[in-house]
Each structure stands twice: as structure tokens, then as C-alpha cells.
Protein chains: 2
Amino acid sequence: MTTTGDRTSPPAATHSIPTATVQRLPEYLRALHALGDTDGDTISSEALAAVTGVSSAMLRKDLSYLGAAGVRGVGYEVSLLTNRISTTLGLTRYYRVALIGMGHLGQALARYPGFASRGFHIAAIFDASPDLIGSRHGNHIVRDISELSGAVGEEDINIGVIATPETAAQQVADLLIDAGITSILNFAPCVLTVPQSVVVRKVDLAVELQLLSFHEHHKALQRSERDQQL
Amino acid sequence: MTTTGDRTSPPAATHSIPTATVQRLPEYLRALHALGDTDGDTISSEALAAVTGVSSAMLRKDLSYLGAAGVRGVGYEVSLLTNRISTTLGLTRYYRVALIGMGHLGQALARYPGFASRGFHIAAIFDASPDLIGSRHGNHIVRDISELSGAVGEEDINIGVIATPETAAQQVADLLIDAGITSILNFAPCVLTVPQSVVVRKVDLAVELQLLSFHEHHKALQRSERDQQL
DNA sequence: AGGTGTGAACGTATTCACAGCA
DNA sequence: TGCTGTGAATACGTTCACACCT
């Protein structure tokens, strides 16, 4: 089954799960939560696929990589599946997040309810600007970026979120890495250079719009081709 | 070369460009802008690949889909390449964006400098809350969501950005689609049901953290395996 | 030399279709 | 009968390696 062999069966190793599958797991989890995991009811791959926007075959294959726990002829028990996915994603623990950069985006992130509700606690907030240092946002007081290194150790921080301007992003990443952080979420529109052991995910808001632009452009081209040529 | 045949050569059809390639084009473009397109200097695939974090082979292949314009033994002329990519992405025109939902995230998006600088103008802002309607953010006054439908036509809006809570997202999407919008950027953590002709891109901030969680978890597992088993 | 453009090889992801179990 | 779990088939994406041009 899995490449690991077959010493014991169910939860299955997190290695060998295709990255494409991993990227869909949070969506499955979100849909399951939205269903409300009241008592021991089940859901079919068809039904869960419908609300998550994937095909049922893909969903079944994805879940099979987790050593899935469906019952033939019935479906997946919601609470069991929820646990399975949470465990695979490593969401059985809390993560402590450092947020760096308190511009408008950083302020929005600091208050984003989706973080806390999914087990990510913003443990500390930093900026370099004297105007912002000391100011309060939600429960937190913005600290000087120079305190970052110490805070990571003292506050047991696991994840760094960079919401600085592009020009500061690499320096901040270097500080985070020196402090021992190995997972970074980067909102600055630039590529970070990091050691292999560090995982960076990047969110570039403008890129998303540019991709929509491509599709608009593409649709327009197709229309004009059809209209003109025939 | 391209599936289209060979009537004329260079700019190449936007169809038949692999989606994986399209998704990298904005990053190439950003890197080219960051280089500063002073006069007619060139860049090699090796150099551009380095700053964009891809392999040079992949970069060359990606660019070849655009009917690329490199010179063997020399490289790509920066300004020409910039144009080629911009044209492919449909960035030769301005887009007018409607932003719906003026919570903290919406406020940050309204002021995000990366939109305007890349040709996306926020043309109108909407919310459903009476507390927010009429308030000013940047140059804009928040309008009642009921005005959305009319505004899309009057203000020639092409793209809708949803920054509402999850509960309102589908309704807002329906309004946008009724008004004729075919491109939506969705920040609400839910799947939107839309006709095939409508393109939705979704950004879920919590999902990004959950994916980092997976990697942290994975690394921890690997460590414990190594430590224990040998 | 130096660096692009690209077929061919490889690897990964998705879909199909059905055996097998409740 | 109904729905999972999964091999086999297909489609897609990436890497390799080299012919070809300047």
C-alpha cells in the first residue's frame, strides 16, 4: 500500500502523500467543519466532493493516501475523517505565529479571525517603524523588530508571517531563520532566498489579479476569433 | 510548434499555454520589473531563473509557449520579454475592480499599493453594513451593496473581489455574476458555485498556514523517526 | 563559446472503471 | 445495492540533453 511497508495499518505515514493531495486537505477539512460534525453521521465521497469542488474519484484517491477510513456502501464517518485529516496536517497542536510588518495588510492579518479559529495564535507582532512600535492592535503591542530573535525562543514561535514591504522581506526572513524558524508565510511580492530546510509559502495578491486578467483576456480573444473569422 | 499551425510567427496564441506556465508568468514579470528595464539590455534564462526560483530549463520552456524572443548565445531582451508576457497576461489594458466587504481585510485591500501599480484600479467599494456605508477609505466612499449591480455597468467594472464573511460570499458572487462579472477573486473561506464561464480564484489565508503546519509536522516526524529507530 | 529552443524521457496528477466489501 | 479503494490508462508538468543559431 504505502511505500513504508506494512508493520501496522491505519494512519499511514505523512511521507509519500502527493503534494497536490496535501494542498486539497485543508479544503476538505473546512467543508467537514462547515457540515457540523454532530454525532456519528457519515458522508459519501460524492457529497463531500460536491461541496469542495473536486471529483469524487479524486477525493477518494486523496483520502486513500491517508489510510482512509470509509465504509463501503456507506461513506466516511465525519468525525473520524476530520481527525484523520487534522492529524495528517499536524493540526493536533497549536502553532504560535510571529507577524512582522504592521502596515494595513499586517493589521488585517493581526485581526483575521480565521487564524485563531484554526489553531494559529499570533504570539507576537513586530515592526521597524518607531511610529508603530508600542501601539496596540487587538491584544498585542507592536514590538521592535530587534526583539524578534529573542522572542522566537522565549515565546516558542513556530511560524513567521512576513507582511512588510518587499524591500524589507529578505532581511526579515534572514532574522527569522537565524532565530530558528523553519516555516514562513510571505506576503511580500518577492522571492525569498532560504535554506532547503525552510519552507516558504508565498501569497501575492496582485498575482491573483493578474491571473484573472489572463482569463479575461483569453475569453475576449476567443470571442473576437469567433465573431470575426466565421 | 503551436497547435495553431504556422500562418504568422511570433506572438503565438494564448490558448494552448499550459496553466502551470501561466501561473508563473506574473512572477517572471515582477522579476523583470525589479531589474529595471533600462535601455536594451538582455538577460539569460539562467539569470532570470535564479531570481524567480525556477530552473532555467523550465523558464525557457515557459517562454517558448509565448513564441518567445530570445537570441541564441545572448539571452532575452528585457523590454521585449516584458511586453510579451504583459500581452499574454492581458495586462495591456486597465482593469476596474469592485471590492465587496470592508472588514479589516477589505480595508487593507482597498489601500494595497500593489493593485494600482500593476494596472488594477479599485473603482468601487461596497458593504452591507449601515455602519460602514458612506465611510471613506482612501479615495473611495463605501456604497450600499444594493448599488453593486448598477455600478458594474456604469463604471465598467471587470473584476470582483470578495472580502466578506463566508456567510455572505455566495450571495455576493451571485450579484456579481448577475451584473455580468466573469472574474472573481474570493478571500472568503468557502467554495463558490458559479457557471463555467466565470473564473474564480480563491485565496484562503488560513489554508496557507495549515500547509505550513503540514510541513512542520512532517519535519518533526522525520526527526523522531531518525532519533528513535537507529 | 554561449545560450536559446525543443524533442524525448521521466515523473506526477487526474480520471476511468471495476473488483470487493458492507 | 451502494459506495469505497485502487490498479490501469491517460493527461499534464518538469527535466534532460543536445541541435542549432549568433
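Which residues does A:Val161 touch, not counting residues up to four places away in sequence? In this predicted model, A:Val161 touches A:Val97, A:Ala98, A:Leu99, A:Ile100, A:Leu109, A:Leu185, A:Phe187 and B:Leu209, where contact means heavy atoms within 4.5 Å.

## How to read the model

Residues are numbered from 1 along each chain as its sequence is written, and chains are lettered from A in the order in which they are written. Local features need pLDDT of at least 70, side-chain atom pairs count only at pLDDT 80 or more, and totals for chains, interfaces and linings use all residues, while side-chain values use heavy atoms, leaving out hydrogens and water.

## Where the chains meet

Let's look at the interface: 61 residues of chain B are in contact with 61 residues of chain A. The buried area (accessible area, 1.4 Å probe, that two parts lose on being put together, summed over both) is about 6,000 Å², with carbon and sulfur atoms giving 66%.

## Salt bridges between chains

Between chain B and chain A there are 8 salt bridges, each a side-chain nitrogen of Lys or Arg within 4 Å of a carboxyl oxygen of Asp or Glu. One pairs A:Arg30 with B:Glu166 (3.9 Å, N to O). A:Arg30 lies in helix H1 of chain A and B:Glu166 in helix H8 of chain B, so the pair joins two chains; helices are DSSP runs of H or I, at least four residues, numbered from the N terminus.

A:Arg30 is buried at 12% relative accessible area, whereas B:Glu166 is partly exposed at 38%. Buried means under 20%, exposed over 50%, and partly exposed in between (1.4 Å probe, protein chains only).
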